[in-house]
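This report describes the architecture of one protein, beginning with a single residue and then widening to the whole chain. Please keep the sequence and the structure in view while reading.

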Amino acid sequence: MQHSLICSIKMPEGPELHLASLYVNKMCDGVLFTGPVRKSEVSKNPDVPFTCEAYRITATSRGKEVKLTLTPIKSDEGKQRAKAGQADQPMNIVFRFGMSGYFRFTPEDELPKHAHLRFYTKETPCRVLSFVDARRFGSWHPSGSWQPGRGPCIMSEYESFRENVVSNLSDRTFDRPICEVLLNQKYFNGIGNYLRAEILYRLNIPPFVTARTVLEGLESEDSCGNKKHMKNEVTATKVVCEHIFSDHQRFNLTALHFLTVPLSLSSVHKTSARAKQKQVKDETADLLRLCHTVPLEVVSLGGKGYDPEKADYSDFEAWLQCYCVDGMKSIRDHNGRTMWFKGHPGPMAPKDSKSPKAKKRAKKEDDHDYTAKKKVAQSRSASMTKKITVKQETITKTPKREKDTHVKEAGYKRKKTGKTREAGTPQHEKTPAARRRKSSSTEPTAAGELKVFFQNVFFLL
């Protein structure tokens, strides 16, 4: 399951960004920040033009975006602050995490290696809230707002999310396979690669069937009754935060009352087997409901999306049923993304598409191993091959030299014998004698070859 852990960390999705917003609010509760917002030298994202003597940080999430709000602390010295270039109005910074982004709150002397945007506290010793992004696909936008092309959040805006999908089924987007439409953030804001695999697997829907066929029978309102569904939801953000941040007990959890979000916790542990079967039957026909409840299950697990270097993901790995799980199949979709599934992929599957799993592992082992052991082994193999090539060159060169010397000696002897014969015998006698010598010298050779041939034939028989 280690491979599944790596896969799940690389691409933060809706649940991870929501947990990241909870993390920021938890760590920054009651903490004052000061000075300018600092960017790393290697980052190509824009500078954040915000400087203030004292300000607070809060966070909210929506789908695959997180918004940090920097709020200056009001004082009677507003005019002096304005003259000195200090910010007197709140600023929003919208983050998109890319493939590896997350927030981390550490002492200044323990700053993470890939901390590309940093907010410093007004205390001694100083601490830093950092946006860490090793692969640098993430981005931030100062004075930004939610991206206009993104639809309602699958978790916090469930009713609007359903309405947006059902009312737009005539859009050409829904002519595509359901697995590819689930990644379209215009309609499924917050769904990513592992969520689409888990949702389709639970519903036993082939990934490469037309999206419209799957969604056509659904209504804009939840068929199970939205009010009844919402009554059974548990407001559990405080419990989740206690589970996630148990090692940071110095912070006050009671201040999180304004962050509470209704989480649809699984009723598996609270209901009988009959109730569980009934719930599964009700949900099998409604993909949109699972787009809401499955991400909330991940949020209820807690602990994921904060510190990929140290966090424990064993609960998340146990929760996965399809994504990167042994025994499941994988195939690249038309956009090059790996889709995990079970059974037949569906009629719209790409032709001659194969799983990239084996190729990636072989490539990593061959091309991207720069450890000390690998370097030593490579140097040894290189030296050995060099020695072997040198030996082969000497072996091939030596016979050639000997052959050249033999040819020269034979030519010299022929010239010498020719001169002596010219002196003692007439020219017409030279040619028949030479021919006789040639024929006599070639006859034993041919006979020897035939003898060896027949010996080999008898040996084979």
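## A residue in helix α11

E297 lies in helix α11. The model considered here is a predicted one. Is E297 buried or exposed? Its relative accessible area is 16%, and E297 is therefore buried, since the cut-off for that class is under 20%. Leaving aside residues up to four places away in sequence, E297 touches R202 and W319.

## The packing of α4 and α11

Two packed helices are described by the angle between their axes and the distance between the axes. Helix α11 comprises residues 287–301, and helix α4 comprises residues 158–166. Their axes come within 10 Å and cross at roughly 145 degrees. The crossing of α4 and α11 is right-handed.

Which residues meet where α4 and α11 cross? From α4 come Y158, F161, R162, V165 and V166, and from α11 come L288, R289, C291 and H292. Sorted by class, this contact has 6 nonpolar, 1 polar and 2 charged residues. An α-helix has 3.6 residues a turn, so residues three or four places apart point the same way.

## A buried helix and a buried histidine

Helix α2 covers residues 14–27 and has 14 residues. From its first C-alpha to its last, α2 reaches 20 Å, close to the 20 Å expected at 1.5 Å a residue. Why is α2 described as largely enclosed by the rest of the structure? The reason is that 14 of the 14 residues of α2 are buried.

Strand β7, which spans residues 115–120, holds H116. With a relative accessibility of 6%, H116 counts as buried. Not counting residues up to four places away in sequence, H116 touches R38, K39, S40, V42, S43, F131, D133, R136 and W140. H116 and G138 are 22 residues apart in sequence, and their C-alpha atoms are 9.9 Å apart in space.

## Backbone features in the loops

Most residues other than glycine have a negative phi, and most peptide bonds are trans. The peptide bond from T124 to P125 is cis, with omega near -5 degrees. P125 is found in the loop between β7 and β8, the latter being residues 127–133.

Positive phi values also occur in residues that are not glycine: S143 has a phi of about 55 degrees, and N204 has one near 60 degrees. The table sets out these two residues.

| Residue | Phi | Loop | Relative accessibility |
|---|---|---|---|
| S143 | about 55 degrees | between β9 (139–142) and α4 | 57% |

## The protein as a whole

How many helices and strands does the protein have? Its secondary structure comes to 15 helices and 13 strands. Of the 461 residues of the protein, 42% count as buried; H116 and E297 are among the buried residues. The protein exposes about 27,800 Å², and carbon and sulfur atoms supply 54% of that area.

Contacts can also be sorted by how far apart the partners lie in sequence. Among the contacts with a separation of 6 or more, 71% are accounted for by residues 24 or more positions apart.

Definitions and conventions
Residues numbered from 1 in each chain as written. Predicted model: local features only at pLDDT ≥ 70, side-chain atom pairs only at ≥ 80, totals over all residues. Heavy atoms only, no water. Helix = DSSP H or I, 4+ residues; strand = E, 2+ residues; numbered from the N terminus. Expected span 1.5 Å × (residues − 1). Buried < 20%, exposed > 50% of the residue type's maximum accessible area, 1.4 Å probe, protein only. Contact = heavy atoms within 4.5 Å. Areas by Shrake-Rupley, 256 points an atom, 1.4 Å probe, with all protein chains shown as cover. Axes fitted to C-alpha atoms, helices over the stretch in contact; angles between N-to-C directions. Left-handed = near helix turned anticlockwise from the far one by under 90°. Nonpolar A, V, L, I, M, F, W, Y, C, P; charged D, E, K, R; others polar.
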